[in-house]
Number of protein chains: 2
Amino acid sequence: MSYPSITDYIKSRAARVEEELARSLPGEWNVPQALRDAMGYSLMAGGKRMRPILLLAAAEACEGSVEAALPVACAVEMIHTYSLIHDDLPALDNDDYRRGRLTNHKVYGEAMAILAGDALLTHAFYAAVRAARLHGVPAERVLDVIEEMSVLAGPRGMVGGQVADMQGEQGITKLEELDYIHLHKTSDLIVFALKAGGRIGGASEPQLRALETFGTNIGLAFQIQDDILDVVGDETKLGKAVRSDEKMQKVTYPYFLGIDASRRKVEELTAIGKEAIERAAFPRPDRLLELADFLMRRDH
Amino acid sequence: MSYPSITDYIKSRAARVEEELARSLPGEWNVPQALRDAMGYSLMAGGKRMRPILLLAAAEACEGSVEAALPVACAVEMIHTYSLIHDDLPALDNDDYRRGRLTNHKVYGEAMAILAGDALLTHAFYAAVRAARLHGVPAERVLDVIEEMSVLAGPRGMVGGQVADMQGEQGITKLEELDYIHLHKTSDLIVFALKAGGRIGGASEPQLRALETFGTNIGLAFQIQDDILDVVGDETKLGKAVRSDEKMQKVTYPYFLGIDASRRKVEELTAIGKEAIERAAFPRPDRLLELADFLMRRDH
């Protein structure tokens, strides 16, 4: 069998994640139908599934079981999805569309969108516990995963980044402030995903540190790439209007450094991330490295 | 030493919980100040601390360590607090006051209130893991607690009850529909608290089932008592306006059964709950039984 290309790899992993996500929603018999619909509407709305794919690739890098990592891959996507639902609310970004579809609150109303987000966040922890229940991952290891999920998705992590972003709308003047936002709002959940995959795959402490360095750097690169695409991207490929940051007077990397230096920054961060992985002696690091390159080169 | 009265017991337990809650907030150095303030504003806003006190009493009933149960007692109060913050939002109940103070969004704005709720919910899982980290509760047992927390606070539990309540505003016609709301919106988190305390205290399976029966029944009794107090209570003692249900045309137990039959229902449910505890051979069941009576007789 020939080694599938990274795009084929991503496609097949995304399909596996989709399948598992559909199964991971709470059963119909004991959840109000409208709540389950609202949860599923956003959870099954497509998207890149980047975080779960990185999680599975990290498990694979350690020659760990992809099956055992799937419940936590679902958990990270639930957390990502809830954060988008709440971010889109009128009180926050007030977005009507996401990935070309109406946002959750435009379909189900604000109250249900708030509750569907709460439900997905809570259910993510249930999904994570499945790794122990269905695949025999040791309780101690799952507890480590859950602890880190609560830190990196919580007030010290993603929610903290979201608050800083909101406060930043009143005026960021330094690149360090922007980094703080990106590191917490974007990188933290990516770092969580990678380390969780590593933990389930049995990564050593130095390997977990390498995954953290990798995640921090490619997470920041991902965010800068997003900002670059908002300036130079193709609306059709992106599925959304470009130059929205400019219109919203949002301070971004291209705003501080210009496009060329921002591109160099993305390359530099990706290289730092990859180097950490290369040095950590993973048995099968290839997919992680390819994913970093893929994310750097993406045009949507 | 004489056996302290139940009111003294509640007072001292509540004080211990307050102390631990203040300590359980994420450290100041790595959380945006405004987020930490918003979380603390609602978490430290007083309240009965009924859920954590029941949790500690359940651990005590098994002769388990109250100290080891405190982290999970904090977790359940964080979940209760987040649910109140989100419930009070304009899109949901649109309440300006709670316990005589401005609601979270009236002080910090809607966006921050949504995020502070998200942060408290996520941080609750961090708090629960502390039981293992600080007090050596076995990982397997903490994982059981976390799994049940995600179920009973999630879409199949409290959030599901909240959705049913919201939908019920369009017209409840049957007592069973009202029971569904109360059982999920109120009883589920009480059941979680009791079983979590039991688990940490080392309860047997039959004892956990007894705690579940106890929680389901006193949770429902608690809610009916709330509805009764809304009709016949003293505004000064309650710290809120009475007859709000009537004004809001809210369907309640007193609406269906009248005050006298509702009171009998509270007594009956309390008796069923207590009986389950009495039959389960707990080494020290007294405080649980006294708490059930106390809640039944409360006037605020």
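**Aromatic pairs and their surroundings**

Reply: Over all chains, the count comes to 5 aromatic pairs. Rings of Phe, Tyr and Trp (its six-membered ring) pair if their centres lie within 6.5 Å; planes under 30 degrees apart are stacked, over 60 edge-to-face, the rest tilted. This is a predicted model, where local features need pLDDT of at least 70 and side-chain atom pairs 80 or more, while totals for chains, interfaces and linings use all residues. Residues are numbered from 1 along each chain as written, chains are lettered from A and ligands numbered from 1 in written order, and side-chain values use heavy atoms, without hydrogens or water.

One pair is Tyr41(B) with Tyr108(B). Their centres are 5.6 Å apart and their planes at 70 degrees, so the pair is edge-to-face. Tyr41(B) lies in helix 2 and Tyr108(B) in helix 5 of chain B, so the pair ties together parts 67 residues apart in sequence. Helices are DSSP runs (H or I, at least four residues), as are strands (E, at least two), numbered from the N terminus.

Tyr41(B) is buried, at 17% relative accessibility. Tyr108(B) is partly exposed, at 28%. Buried means under 20% relative accessible area, exposed over 50%, partly exposed in between (1.4 Å probe, protein chains only).

The charged end of Arg101(B) sits over its ring, 4.0 Å from the centre. That needs NZ of Lys or CZ of Arg within 6 Å of the ring centre and within 35 degrees of the ring normal.

Now helix 2 of chain B itself.
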